[in-house]
Amino acid sequence: MWWKTTSVHRASLPSSAIERLSDQPIKTVVHVSIYTQQPERAQLLITELQNAFKDSDFWIVKFKQLPPFAKAAETHTPAALEKLLLQEHPQSEGDFMFIEWPKLEDELLLTTERSALMRSDVTSNKIAQLLHSKILQTYRVNQILSTDERISVKSEAPQPEYDVVISVLNPKPKITNAQWNVALAAQTYIEPFLAQISDISSYTVRTQWKYRVAIEAEMKQVRDQTKLGRHYALQESALPHLLTSIAQNLSGSISDRPVINLVVYIPPCSTGPLHIYNKKNEMLTRDGVDAFISPPWGGFIIANPPESVCLAYMNDEPPQQYYVNTNDNMQVMLDQLHKLLDISNEVQVAGVKTVDIEQLAPRRWEYEAYIRRSAIRHIATASNTLQSLIKLLDQISYIVIDDKVATAIANSHSDILAAKAALLEHRLMNASALAKRAFVFSERGFFDASLLAQLYFPDEQKYAIYIPLFLPVMVPVLSSFNMLRKLLDRKRKVKQP
Amino acid sequence: MLFKALLLVLAIIQISAEEYDTAILPEAYIDAAERSTHTNNWAVLVDASRFWFNYRHVANVLSIYRSVKRLGIPDSQIILMIADDMACNARNPRPGQVYNNANQHINVYGDDVEVDYRGYEVTVENFVRLLTGRTQNGTARSKKLLSDAGSNVLIYLTGHGGDGFLKFQDSEEITSQELADGIQQMWEKKRYNELFFMVDTCQAASLYEKFISPNVLAVASSLVGEDSLSHHVDPSIGVYMIDRYTYYALEFLEKVQPFSKRTIGEFLQVCPKRVCISTVGVRKDLYRRDPMKVPIIDFFGAIRPTRVSTGRINVTLANEEDFTDVAHIQPKKQFKIVVQPQFIAKINK
């Protein structure tokens, strides 16, 4: 009974199946269609590209030729041609299409949808290069799946939930009387944008004003030709320290979700306008934007007050009330979000141009590459987590595995398999949802607090505690057996004679 | 003929250029391999013992806290566990201050200390939960070690120890096996890039003996069988101020600036036997890089990767006037303050 009451409850786990998870590599099917005016050319390109992708470790690229059609000659814009093609051959998530457009300036032009225009003389090499670096982002997937710790990614996998906190810092409100309806600005720009990219993570937006939060950095006065006659220089190398000095006052740790900070800093006129300088003493301001990011912490925008406000300050006039420019700052903030969430792809390929984004949503191919990458990331992370958890549970036999943990592990395992299958069957969104769920389950299983409950009661201690307790109790029991035997012997002896 | 000669010359130039390249390569390669790949820094600083006579352990842990904070690790990435409150102890003649020496040279308490686990929260269970990430539901985010594959983690322990254990409070102890298990679990879940383990206690070296996880560099104030000694007494408070090892470590760290070139290798030699009396133990076999080439700020500082980004997304969703329109700004609710009389004077009259 003692043994039974002290035994550890260990629910059964699909251990061997989880150990076999890494045997089956993650492979993704991608459909790429090519439209050219001469069918022979498309045929040639496809044969060459098929060869190029034959030995790929991660991709199964299925190339398809779109046959020329009569109406094509009548179209005058690439957009119209694309529309016609899409009517004939609808695309699903993650697909891509190359359309020949002879009058193109660059070799290849990436649109904001799932297509690229190509000039008639583009080689298959160039197309393969574009697919690897921009559409499939093979090098990033390589980083995710690499076991070499120097190459492998060092950042966290995308979490299911984030807080986005927009903080407006106005250290000296008596000097710079800045007004801004930042909540409305966030509702107009940030929330709709985040709503469009919430397949992987969901976001909660909060805004706040912070007064009297000074930044700690050395600011050097520089003479210039403006009416103010001077501006202040902030060294690029001082930026990390600056973030550390303000991070504490942003109170981001209140919620339980990871936080993405978006800071708009309004320099007081005593140290403004403020611009960022690099080591070579060059001003890094472009198009009037002074901003920097620090993934995954967040972004920082310096919103210098207008000249007239600081002029009034310098002439000892009463402070002017002014409005912070919403469109200006929000455009920069959107770009920062693209970079912070790792959606935008900044790799440059010679001869390839990318159309600028002119809507709120990210480029569709960029976003789908992000979803594909996140799905692979989630599958890889969840598999690793499960495998290390199984290893741990097998190693230490006295860890309790309760039913909750066991279900989480089993669910995660089945979701991983389903997600892998979905990637192979060309169902990207489905795979992404499954992978995300597998990731959440695996984290929940690994970090479950109950896994630690009996870590301080290993088997050796069980003996150490119970043997001294039970052994003395056993002595009278055993000796009573002896007594009984003697008693029986005596009875027999009495009967026999 | 001339053409051939020209080709030959070109070829020679080519070859010599290539030779030059290969001569350069290995060093650059080694340099790249030696450079840390971390992206963020975390510090877990633990004082495991309580009571006034253990003042020195609090001074120890606050010394390291002061240094990592000064060198740039934000408070959100420092987990500070202090088992007792010396600054506000009734016996402290200088309330709110903790010094590292009798001359009150450095107030290690500073102006701003964020303690994450205090008093009776400092337990073996909480410490192991912190390391393994298996915190109980409802644990605040600031009390979690949220490190990832790019984190360099500094773990500093101080208290009373013996062969293979470190005493927590006066009731329990963590064994070297539990520590090694905890760190192995961190490694398995990719929760650190490199780990620097520092411990200042008696027989400190016994605590890192069981480590098996890669990329761990460990330093201990004394070898197995040796006591770690304290530095000096402050007669005005009647207790030892600080331990020898941490005293010299702080002395070294005070000279380090955020962009310093000082290395971990130098730091490992801060307390030679003639000043420490105990022998400082170092374990390097799990560590891949040469400590003499590792900057100390890889563990004691924080480098946030920052990058200037001046791009913008050209979308305009509303006119500027829409945002400045006063109608949108909700007026602040008017409220009236009523001051209730605290003492009813009428009754007294």
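This is a predicted model: local features need pLDDT of at least 70, side-chain atom pairs count only at pLDDT 80 or more; totals for chains, interfaces and linings use all residues.
**Entry 1: the active site**

I started with the UniProt record. An unreviewed entry there puts the feature "active site" at B:His160 and B:Cys202.

I took B:His160 next. This residue belongs to strand 5 of chain B, residues 160-162. I counted 17 other C-beta atoms within 10 Å of B:His160, so I put it down as partly exposed. Setting aside residues up to four places away in sequence, B:His160 touches B:Ser49, B:Lys167, B:Thr201 and B:Cys202.

Then I looked up B:Cys202. I found it in a loop of chain B, between strand 8 (194-200) and strand 9 (216-220). Is B:Cys202 buried or exposed? B:Cys202 has 22 other C-beta atoms within 10 Å, and the cut-off for buried is 20 or more, so it is buried. Beyond its neighbours within four places in sequence, its contacts include B:His160, B:Gly161 and B:Gly162. B:Ser222, B:Asp227 and B:Ser228 are also in contact with B:Cys202.

**Entry 2: the cores**

I looked for nonpolar cores. The largest one has 82 residues. B:Val44 and B:Leu45 have the most contacts inside it. Which element gives the most to this core? I found helix 2 of chain B (residues 55-70), with 8 residues.

I followed up on B:Leu45. Leaving out neighbours within four places in sequence, its contacts include B:Val61, B:Ile64 and B:Tyr65. Also on its list are B:Ile78, B:Leu80, B:Met81 and B:Tyr156.

I noted a second, separate core of 69 residues. A:Leu131, A:Leu389, A:Val405 and A:Ile409 are among its members.

**Entry 3: the annotated span in chain A**

I went back to UniProt for chain A. An unreviewed entry lists residues 463-484 as "transmembrane region". In the model this span is 100% helix and 0% strand. Its end C-alpha atoms lie 29 Å apart.

**Entry 4: where the chains meet**

I finished with the interface. On it, 46 residues of chain B are in contact with 56 residues of chain A. On the chain B side, the elements giving two or more residues are helix 3 (124-132), helix 4 (176-188), strand 13 (307-308) and helix 9 (320-324). By class, that side has 14 nonpolar, 21 polar and 11 charged residues.

Strand 13 of chain A (residues 291-294) runs antiparallel to strand 13 of chain B, and 2 bridges join them. A:Ile293 stands opposite B:Arg307 there.

Note on methods: Residues are numbered from 1 along each chain as its sequence is written. Chains are lettered from A and ligands numbered from 1 in the order in which they are written. UniProt positions are given in the numbering used here, feature names are shortened, and annotations may be inferred rather than shown by experiment. Helices (H or I, at least four residues) and strands (E, at least two) are DSSP runs, numbered from the N terminus. A residue is buried if 20 or more other C-beta atoms lie within 10 Å of its own, exposed if 12 or fewer, and partly exposed in between; C-beta atoms are placed from the backbone. Two residues are in contact if their C-beta atoms, placed from the backbone, lie within 7 Å. A nonpolar core is a set of buried Ala, Val, Leu, Ile, Met, Phe, Trp, Tyr and Cys residues joined through C-beta atoms within 7 Å. Ala, Val, Leu, Ile, Met, Phe, Trp, Tyr, Cys and Pro count as nonpolar, Asp, Glu, Lys and Arg as charged, and the others, Gly among them, as polar. Two strands pair if DSSP finds at least two bridges between them.
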